[in-house]
Amino acid sequence: MTLAPPEGVGASPKPLALKALREPHPERHLVLRPTRLRAWQVGVGALFVAGCAFAGVLVGPYDLSPLEVFTAIAAKLGIAGAHSSPLATAVVWEIRLPRVALGALVGAMLSVAGAAYQGAFFNPLADPYLLGVASGAGLGATVALVYFGAASASVLSSVPVAAFLGAVTAVAATFALGRSRSGARSPTTLVLAGVAVAAFFTAIQTFIQQQHFGSLQIVYDWLLGTLATAGWSQVGLVAPYIALAAGALYACRRLLDALSVGDEEANSFGVRADRVRLAVVVAATFGTAAAVSVSGLIGFVGIIVPHTVRLLAGPSYRRIIPLSLLFGAGFLVLADLAARTVLSPAELPLGVVTASLGAPFFLVVLRQARRVQ
Amino acid sequence: MTTTTARSPRAYLLRATALAVTLIVSTAPTVATPALAARVPATVRTTPTASTGPIESTGPIEGTGPIEGTGHTESAAFPVSISSADGKVTIPARPTRILCLSASATQMLYSIGAGHQVVGVDEYSTWPPGAPRTKFTGAETNAEDYLYLHPDLVIFAFSEGKVIQQLKALGIPALLLPPAEGFSGVYQQVDELGLATGHEAAAQRLDRSLARFLASEQQRAANAGRGRTYYIELSPDYYTATSKTFIGAEFSLFGMRDIADAASHGGSYPQISAEYLLKANPDYVFLADTVCCKVTPANFAKRPALSLLQAVKSHHVYGVNDSVASEWGPHTVEEFVAFLAHLLRP
């Protein structure tokens, strides 16, 4: 892409060339066209999240009418005149609400991290686990489950802490190793270093798992991901990290648009591509590590949600980042609702639902988008 | 390379869904929890030891303790054919070097007098204490690992990969005895092992003595459990067992009802939601994840909303050894049934 020369340069060019200059260049058109987030888009996203959250709070194996659910919430909030049985209040307030809240937080974080990684690494297959978060968290959780045991009821349980530390360590190792001899970190070397680090961490994790066969089942349960044990303590534990990380990635949305023209071009507008990438990796890593530390490794959300948003709302990260946040939150709440109602009162593994619900929907969106183009 | 196939969560998903049902019952911890030991009457209490001395013939229950091998053979006509869960298995001659990779089958072998034919058991076979324990888990991926013991029969509780095929190719018969469904499944496996080892009559005696024991414990409880509901927890994320399983049969013996039966379309070992647990509000809660996951009645009660459960309020939450839900050998079954009868008796 070339930048347009300032007005007045080349005062007497040939008429044809002048016309060519005035014609909007197709690529420049793409970059310069305003792609601001529209209010209606945010509105649709917010409605989606609200709808999914309502459904999540209203539906469950314990029979409660919508009125009873709202009365329970009102009673808990101390609104005068609202009376609810202790059991109904506990079901709504201690079981359903934290599960919905945690699902929304984790879904939002995984989606926004996936979107940011796809932008920062120009890689459509990038997901939040690109640089080794998943294998690091898996190793941390396995060590905690095998060597310390873990009552997942306890907020002081060693598993979230170990998973978080493992995830951060793996990405730090990727970043330390993913530089060429000249000291530059290209997206490619980082992604390849991520593959190597993930393989190494997974090897250790697999080894520990095989050595402690008796813990195999709880390790697998964790790796599959679940919100079945969600409580307010977990929500409180991860909400600050996820809020900070998502906020930082939201602040990077324009810079991600600038990166989409390539590192050298971005540098020529004064955007330091490597610094943007570092900021994105740090924020996405902390957020994703916090999310998986309480939910386990929920797959597919971080790829499917940002791509669906991109296909529906266009390629600008000014739209993709905030809309991924909203649709990711709603999607995971919906997937978890399916996980606990399809075979109710039995539960399905959440990862099974995210993939089986998400993949066909994603393919439909992909076909629609191709037809439009 | 196995490490790369397990890299993505999707890969884990595939591996785990294939294994889920077998794995949930293959966790076999080795420590008796004080919670269970303290409530079991002294006559049935055993202390697991690391002793490798000669096997004592005084078992916890009269008639079903390990029987000292006398070497005498019953009039079994080899070769025998057995319909194992893995297809028909032919055992050409009476095995004398058995490798048993199932804690439950180990209990059965020693209880029918086939102990002297055993050359190795897996690391989770804690009873009888003197059994020749190895480092094997039954999850080995290469049959060659077993060959140093020169086994002439290998017994598995579950099968992963191609180890059984490999053994067959090596001409070593392998029996697959998966988690029993109810007591009939236990009797059937005892009979199969009797046939496979040349101890058919002793196997039938064990069946009869086990059935007698169950009937006497049922009487001891005097219908006190009839209609009472229970939840047996296998892991803190609410995996449980339905009444179709062997552990379910142990509760059904006393007329107890399993709250997980409503979730049986999720399999014999389904995961239920915490909300359903609150709705079902069982009379009794048994925590069979005290070893794997350090769950205790105290920290169970601290989980969101669970302090409202009737079982928590009336102190009917019991921590038990994880093995009660993962071992269906006569020793574990009798110990847990005795514990239940003691608990329920009026």
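Colleague: Which way do the residues of strand E10 of chain B point?
Modeller: This is a predicted model, so read everything below as computed. In strand E10 (residues 284-287) of chain B, Tyr284(B) and Phe286(B) point one way, while Val285(B) and Leu287(B) point the other way.

Colleague: Why that pattern?
Modeller: Side chains in a regular strand alternate between the two faces of the sheet.

Colleague: And are the residues of E10(B) buried or exposed?
Modeller: Buried, all of them.

Colleague: Which strands pair with E10(B)?
Modeller: Strand E7 (residues 229-235) of chain B pairs with E10(B) in the parallel sense, over four bridges. Strand E11 (residues 317-319) of chain B also runs parallel to E10(B), joined by three bridges.

Colleague: What does Val285(B) sit across from?
Modeller: Tyr231(B) stands opposite Val285(B). In E11(B), Val285(B) has Val317(B) as its bridge partner.

Colleague: What about Tyr230(B), what is its bridge partner in E10(B)?
Modeller: That is Tyr284(B). Tyr230(B) also stands opposite Asp258(B) in E9(B). Strand E9 (residues 257-258) of chain B runs parallel to E7(B), with two bridges between them.

Colleague: How many residues of E7(B) are buried?
Modeller: Six of its seven, so to speak a mostly covered strand.

Colleague: In which sense do E7(B) and strand E8 of chain B pair?
Modeller: Antiparallel, over two bridges; E8 covers residues 239-240. Ser235(B) has Tyr239(B) as its bridge partner in E8(B). The hairpin of E7(B) and E8(B) has three residues between the strands, and Tyr238(B) takes a positive phi near 70° there.

Colleague: Switching to chain A. How many helices and strands are there?
Modeller: Chain A has 16 helices and zero strands. It has 373 residues, and 54% of them count as buried. Taking contacts in chain A between residues at least 6 apart in sequence, 76% join residues at least 24 apart.

Colleague: Take helix H10 of chain A. What span should it have?
Modeller: It has 20 residues (232-251), and at 1.5 Å a residue they should span 28 Å. The end C-alpha atoms are 28 Å apart, which agrees.

Colleague: Where does H10(A) bend?
Modeller: At Val238(A), by about 35°. A proline, Pro240(A), follows within four residues.

Colleague: Which residues of H10(A) are buried?
Modeller: Among them are Leu237(A), Val238(A), Tyr241(A), Ile242(A), Ala245(A) and Leu249(A).

Colleague: Why would residues a few places apart point the same way?
Modeller: An α-helix has 3.6 residues a turn, so residues three or four places apart point the same way.

Colleague: What do the buried residues of H10(A) pack against?
Modeller: Four elements of chain A: helix H5 (86-121), helix H7 (158-177), helix H13 (273-295) and helix H15 (317-341).

Colleague: Last topic, the largest nonpolar core. How many residues does it have?
Modeller: It has 216, and Leu105(A), Met109(A) and Ala116(A) have the most contacts inside it. H5(A) gives the most to this core, 22 residues. Domain 1 (50-211) and domain 2 (222-344) of chain B both give residues to this core, so it lies between them.

Colleague: And what does Ala116(A) touch?
Modeller: Leaving out residues up to four places away in sequence, Ala116(A) touches Leu249(A), Cys252(A), Leu256(A), Val280(A), Ala284(A) and Ile321(A). Leu249(A) is one of the buried residues of H10(A).

Note on methods:
Residues numbered from 1 in each chain as written. Chains lettered and ligands numbered in written order. Predicted model: local features only at pLDDT ≥ 70, side-chain atom pairs only at ≥ 80, totals over all residues. Buried ≥ 20, exposed ≤ 12 C-beta atoms within 10 Å, placed from the backbone. Contact = placed C-beta atoms within 7 Å. Expected span 1.5 Å × (residues − 1). Bend = angle between axes of the 7 residues up to and from the residue. Core = buried A, V, L, I, M, F, W, Y, C linked by C-beta atoms within 7 Å. Domains from an automatic or database assignment. Pairing = 2+ DSSP bridges.
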